[in-house]
Amino acid sequence: MVYLTRRYRFCASHRLHNEALPDDENLRIYGKCDSPFGHGHNYALEVTVAGPIDQETGMVFDLVALDGIVEKEVLERLDHTNLNLDVENFRACVPTTENVCTEIFHLLCDKIKGGGPLRAACLSRVRLEETSSNFFEYEGDPPSAS
Amino acid sequence: MIYVTRRAEFSASHVYHNPKLSPEENRRIFGKCNNPHGHGHNYTLEVTVAGSINPTTGMVVDLKELKTLLEREVLQLMDHKFLNQEVAAFATKIPTTENIAVEIWGMLAPKLSFGKLHRIRLYETSDLYVDYYGD
């Protein structure tokens, strides 16, 4: 099993605010990230796929295809947007980097385990850096014990 | 268990080409990496060794020994080389970053006299890297 990671970038704004909570509670929890006008980040996204090396090509995944999937599913949706207002899934869900990270995992997961030549690898991890000091990683939920 | 990582750099050229495939198929799969004259990268290699702390030295590995091992087993073989033509392993195997990472694991794992090789991470560029854990 080999893990291949590709790095991408996008820029977006957001506001951390939960409508279900009173204003003073939002301010207490989110601090300056609750500013009503929002603020932005240059996000760095790492997408890791895991699979065996294809014997014919020596590669784990078709990088051009991976770039195309990430461009279509993630970057076109999120880059240069206001996450709260422009991205459907964040109308009812606070766009913390945790939530953006898991959302990206779910956007990519089914598209990456497509099978076919150089598509046998699966999505293994999404890592999202909000700043150079803060980053979040999601590897999908473990299978339920039941 | 403590994990110690040592970083090293090497520069090399390569070409992606499978002689069993037609020229058109090679170009379709490998794109500009199929340029017959090759192209090169500054690779960054991270070698992670796992072990317990030696109570006498407070260290997991002798970093000088690890550096010497990397120099002897990997860098001398690959640095400033055309991988396809000058590294025996790649005479029959395409030197993709995936295959290079696995090859480096094979070069180092049996030679470590301390700890246990945990991970090989190989950066082809700052935006692309491969991890291999030996299985």
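Is His17(B) buried, exposed or something in between? In this predicted model, His17(B) counts as partly exposed because it has 19 C-beta neighbours inside 10 Å, and a residue needs 20 or more to be called buried. You'll find His17(B) in the loop between β1 and α1 (23–30) of chain B. Leaving aside residues up to four places away in sequence, His17(B) touches Asn26(B), Phe30(B) and Asn34(B). Now look for Phe90(B): 73 residues separate His17(B) and Phe90(B) in sequence, yet their C-alpha atoms are 11 Å apart in space.

**A helix with a bend**

Next, find helix α2 of chain B, residues 63–78. How far apart should the ends of this helix be? With 16 residues at 1.5 Å a residue, α2(B) should span 22 Å, and its end C-alpha atoms are 21 Å apart, so the two values agree. There's still a kink of about 40° in α2(B), centred on Glu71(B).

Which residues of α2(B) are buried? They are Leu66(B), Leu69(B), Leu70(B), Val74(B) and Met78(B). Here's a handy bit of background: an α-helix has 3.6 residues a turn, so residues three or four places apart point the same way. The buried residues of α2(B) have a cover that includes β1 (2–14), β2 (39–51), β3 (81–82), α3 (83–86) and α4 of chain B. Just after α2(B) comes His80(B), with a positive phi of about 55°.

**The two chains**

Let's zoom out. Chain A has four helices and five strands, and its pattern along the sequence is β-α-β-α-β-α-α-β-β. Chain B also comes to four helices and five strands, and from the N terminus on its elements run β-α-β-α-β-α-α-β-β. Here are some figures for each chain.

| Property | Chain | Value |
|---|---|---|
| Box filled by C-alpha atoms, along the principal axes | A | roughly 60 × 40 × 30 Å |
| Box filled by C-alpha atoms, along the principal axes | B | roughly 60 × 25 × 25 Å |
| Buried residues | A | 29% of 146 residues |
| Buried residues | B | 29% of 135 residues |

In chain B, residues 24 or more positions apart make up 69% of the contacts with a separation of 6 or more.

**Where the chains meet**

One pair to look for is Tyr3(A), whose bridge partner in β5(B) is Asp131(B).

**The nonpolar core**

The largest nonpolar core holds 54 residues, and the members touching the most others are Val2(A), Val49(A), Ile104(A), Leu108(A), Ala101(B) and Leu122(B). Helix α4 (residues 97–112) of chain A gives the most to this core, with six residues.

How values were computed
Residues numbered from 1 in each chain as written. Chains lettered and ligands numbered in written order. Predicted model: local features only at pLDDT ≥ 70, side-chain atom pairs only at ≥ 80, totals over all residues. Pairing = 2+ DSSP bridges. Helix = DSSP H or I, 4+ residues; strand = E, 2+ residues; numbered from the N terminus. Core = buried A, V, L, I, M, F, W, Y, C linked by C-beta atoms within 7 Å. Buried ≥ 20, exposed ≤ 12 C-beta atoms within 10 Å, placed from the backbone. Expected span 1.5 Å × (residues − 1). Bend = angle between axes of the 7 residues up to and from the residue. Contact = placed C-beta atoms within 7 Å.
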